Structures are given as structure tokens and as C-alpha cells.
Amino acid sequence: MNVQELKHPGLKQWVEDAVALMSPDSVEVCDGSKAEYDRMIQITIDAGLATPLNSEKLPGSVLFRSDPSDVARVENRTYIASEREEDAGPTNNWINPAELKKIMTELYKGSMKGRTMYVIPFSMGPVGSDIAKIGVEITDSPYVVANMHIMTRVGTKVLEVLGSSGVYVPCFHSVGKPLGPGEKDQGQWPCAPLDKKYISHFPETREIWSYGSGYGGNALLGKKCLALRIASVLARDEGWLAEHMLILKITNPEGEVKYITGAFPSACGKTNLAMLIPILPGWKVETVGDDIAWMKFGKDGRLYAINPEAGFFGVAPGTNNESNRNAMESCKKNSIFTNCGLTEDGDVWWELIGHGAPGKEIIDWKGNKRPAPQSDKSPKGEEIAHPNARFTAPASQCPCIAKEWEDPAGVPISAFLFGGRRPKTIPLVNQAKSWIHGVFMGSIVGSEVTAAVISDQVGQVRRDPFAMLPFCGYHMGDYFKHWIKLGQSHDESKLPKIFFVNWFRKNDEGKFIWPGYGENSRVLAWIFDRCSGKGKAEETPIGFLPTLDAITRPQGVSETDMQEILKVDIDGWKAEIADVRKNHYPKFGDKLPKELYTELDAIEKRFNA
Ligand code: SAT
Ligand code: MN
């Protein structure tokens, strides 16, 4: 389809203006077809950017290697450009929108020279559903087009729903590497240097402008940019929730079904939890979503969640048949791999894949030949796959995808989980006493920073409220207020119960105490039962903790271990509370809802009682 055929005058004008600014050699409107996907992949193969993989092992799949400077989200180049600085808040980078547009317009000038501009109409959520939102991404990256095909619903059907006057979120994306006459990428992943990268959001005008990066959340603009940062603003204004949460369907041995969502920072095992294979007999876990949940209230007063995405953009290293067999199956065909190792037999390989690599040599994520590893471990800093290497796979290929996953009405949520990577203090699981207590606990979540973000804080614990720190499109203090208000304006008995989990406790030798993965079903079973008013628990200063016999013990976890991960670490909590009071809450100034200080005072008092 060409631009002249666009039926939406506003959209047509917007594209024409972008063409005039960015000067691409040609323009294409994406139709979302399989033929188009195949053509995008062929273009990247011809440009030396993608390697086709072994067609027997991984049919229809390719491997990309990015530039070593472009391997993850860049938080310090990510902006919330609201009219007023105070609306972006202390946890976001702010620039005046007019100023930012001026800088970026300069960068976009001629930025697509020598390339094709692709116009991608996409829907977050099932096409035409009431909860879905439409975006249109303009990009000069066929890699982005192919990934958007998997991660969202793309093409002509979206334009039909948009009609001639529908609302869409306009998204600009350019890799920021124009080509001179006759110049080709020749195997060089195109991107701009770090100080020229911008991932920008304009919350008032609901626009996204991204420049200079071709990787993941920086470039696939439906995901973190639209479905979280812009959607969080829409959700605040319209009374719903756009959250960094997986969505699970759990069935107990009696056949009873409950849905729960869980918020965890990037690369903390959300995809693994979303596809967990329970070790508990008779229990079943199925996937509705692995990263983002949009939740709205139904007429019955309950919260209903949809997964706005259509695929998984999962962390490859650590994924294996033990940790996540369903993810391994999901990316067995029609998948895109980025920054994994390439074996001699045309297969992908990554650290902790469960086996060494065949043959003599392997090609690492930087394109260098290395001796084929005998085991699946590599020394830190010498990894064959980048620690944030990813697979992009269609959700429909997941063996445990729930039949409701595309239901436009969503699924009713019984529980929210919050968690992060915490080597100490935070117990295995803990239930909030009330909605407001849960919001308090969500507001103080901390986690060790992972390789999903380019940062010098990797490995350090940072506060990541609701796992939304990098994804909230407005002032976090107002975000807390939004959560409190939802509780106040709805019947609390119908709201999800709130739980805290921590799979990452370590002992004094630095070893994980809890085995995680399928064993987490023991904790999910307790949560499930608590939602039915069952499950044994003890009230403590931090909430309801399971009694020692309430959760069955995995092999290798001693009773002392269990006591350790289910106890209230009084000194640890006192330090936690002091840190929140001194370093965390003051950041939000007078936007920190007073209800949260009341909760902080109350928990402190309980410890001093
Ligand atoms: O933002 S990405 O999509 O690159 C992945 C993540 O951080 O969860
Ligand atoms: Mn995520």
C-alpha cells in the first residue's frame, strides 16, 4: 500500500510531513501479511544483518547481532517531556517538549536517506476490542517491522478499524544512520552513538519519538513506550491500570480457576513465572501475558486484565528446558533471536541453555569465533550470548497459552504479586493486610538492577516501585495516588488481594535458598488458597506470612532454610523502613500521598511495639 491510499487525512498528512523531514528513498505502508514479514527478513539477510538459522531445528528463524553499544534499554536517554517538569516527577528524565522536539527534528532531518520508511499501523490488544489502542510507528528498520509483526497486531485490518477519523498514537522511529549514495549496512547494525539516542514521550499530546537505537524497548514502540509509559497516563486519566505485569491462569486440582497478575522488574523471571510448569500434582498454570497487563473495571466491580501484546520478547540466557520449557517451545520456529551465540550447525546458543555447543567453534554475539563451549557456563564478561540477548516469539506458539489470551473482555483478577531480586530481608511470600497496605508495599519494592538496562548500577539494589520505575509516564507520587484512589472508589472485597514474593533470597555463601521455577507453584498454591479465604497464615508486622507448614518444602530446602525465608527479619526491616523514610519517600516531595506516610508510621510502630 502506498501513502496516497491512506484513508485517514490526519494520518496521511502526518506521514507526508515525516517523509519531507526524514527524506527516505521510498515509503511503504505495512499490510501485516506473512509475505511482508518474509520480505523484511530477506532484506535484513541481504544486508548482512540477519543469519538464517538451521531450517530443520528452527524453521523460519533468524539471528541478529546488534552493535555492542545498542544492547538494551537506555534509561538515561529516555525522556518524559511533559509541559511542566513536576508532571514528569523525580524518577523520569525531563526536557521541555518544545526544546526536545527542536533537538530531535534536527536529528530526524534526512535521517532516513538511502533507506525505506515503513509505516506500521498496529493494535495493542485484539484488533477492534474496546480496550485496544492503535498506534502507528514510522521506522526505517526492517528489523523493527518484523519484530512488530510478532509483538503486536499489524496491518490493513488495523487501518480499517482506524477508519478516516480514529485516534492513534503517532510514533516516530529512526535508527539514526542515513546511508550515502551506494552505501549499504554490510553487516553493521545501524544505530547512532549514545549521546544522540533519544527515547522520548510527550504525554499531553500522546506522541512517541525515538531516535538512534534499534534495540527492543527503545525501538519496538508498542511495548514499553506505548503500552506502559503513554498508557499509564491514559489509565490515570480514564480510571484504569496499565502495569508492568504478567498475567497467569491457575487451575487447582478441583478444577477451580483464578487469574493473577505479577509485577517484577525487567529480567527478574517474569516470562519464566508466566509459563511455569507446576511441580504440584493436579495444578495447572497457563499464560495470558508475560510482560504487560491493562486492567479495567467490569460492571461487576472486578478488575479485568488483557495482554496488549501478541508475542514474547524474552531474555534468552538462563532459559532452558528446566527453567522454562514452554519458552523453549515457543521459539522453536518463526522466531527472531538477537545477540545469541551461533553454533556450527546453525543453531542458537546461550549461557545456561542446558548444554555445551556442538563442533569446534561458535560465533559469539559480537561476531567473533570462539572455541565451542563444553558446558553452558562462561566467565562473567566473556559471555557468548549477551546477558540481555533476546528471543522474539509469537504468543500463539506457546504450548501453555490460555484459551482466553485474546479475549477482548479480559480475565478477572484475584491477586496481584509484587517482587524483585532481593538477596536478604524480603521473605519468600507475604500477603498485604489491606489494599492500602499493599500499595505501600508496592511503593517500596526494591530489586537488583539487571542487564536489561544499560546502567552502571547493575547488581545494586534500587527501589523500583511497582516495577514501574522506568515505565511510568508521569510523576510517581501521582501514580501512587492513582492506586490509592482506585482502592477508595471501589469495593475492596472485589479488588485483587496483594502479595509480595521474593524468589531470590541468598544464604551467607551467596547461594540461592529457594530453587524457584516450577517449585514456585508451591507459593502460587498458597496464594490461590488465600484468595479463597483458605491457606494457613500468621499475622506479623509486615503482613500475613504463611505458617511453616502452609507451604510444602522442595527437595534440598531444609526446615532451617524455610524458617529463614519465612521469618520477619526485624533488623533488616528496621533498616528498610529507615531507608524508605530517609532516602525513598522524600524524593516525591509533597506529591507523596499522606496515606503512605501513615502506613510507614504504622509499620514502624508495629516494630517498636
Ligand atoms: O524494554 S525491553 O522490551 O527491551 C525489555 C525489558 O526491559 O523488559
Ligand atoms: Mn518488561
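User: Which residue's side chain meets Glu-286 in a salt bridge?
Analyst: Lys-249, at 3.8 Å, N to O. A salt bridge here is a side-chain nitrogen of Lys or Arg within 4 Å of a carboxyl oxygen of Asp or Glu. This is a predicted model: local features need pLDDT of at least 70, side-chain atom pairs count only at pLDDT 80 or more, and totals for chains, interfaces and linings use all residues. Residues are numbered from 1 along each chain as its sequence is written, chains are lettered from A and ligands numbered from 1 in the order in which they are written, and side-chain values use heavy atoms, leaving out hydrogens and water.

User: How many salt bridges in the whole structure?
Analyst: The search finds 42.

User: Switching topic. What are the domains?
Analyst: Domain 1 is 3–30 + 73–238, domain 2 is 242–307 + 405–608, and domain 3 is 315–397. The bounds come from an automatic or database domain assignment.

User: How many residues make the contact between domain 1 and domain 2?
Analyst: Domain 1 gives 32 residues and domain 2 gives 30. Contact means heavy atoms within 4.5 Å.

User: What area is buried there?
Analyst: About 2900 Å², with 59% from carbon and sulfur atoms. That is the accessible area (1.4 Å probe) the two parts lose on being put together, summed over both. On the domain 1 side, Arg-73, Ile-131 and Leu-228 supply 24% of the area buried against domain 2, more than any other three residues.

User: And how many salt bridges between domain 1 and domain 2?
Analyst: Four. Elsewhere in the list of pairs, Glu-406 bridges to Arg-153, with the closest N and O atoms 2.9 Å apart.

User: Which element gives the largest share of the domain 1 side?
Analyst: Helix α8 does, with 11 residues. It spans 222–238.

User: OK, ligand 1. Which residues surround it?
Analyst: Arg-73, Gly-216, Gly-217, Lys-223, Lys-224, Ser-266, Phe-313, Arg-390 and Ala-452. Each has a heavy atom within 4 Å of the ligand.

User: How far is an oxygen atom of ligand 1 from the side chain of Arg-73?
Analyst: 2.7 Å, to an N or O atom. For Ser-266, a polar side-chain atom lies 2.8 Å from a ligand oxygen. For Lys-224 the distance is 3.2 Å.

Key
Helices (H or I, at least four residues) and strands (E, at least two) are DSSP runs, numbered from the N terminus. A polar contact is a pair of N or O atoms within 3.5 Å; within protein, one must be able to donate a hydrogen and the other to accept it, and residues adjacent in sequence count only if both atoms are side-chain atoms.
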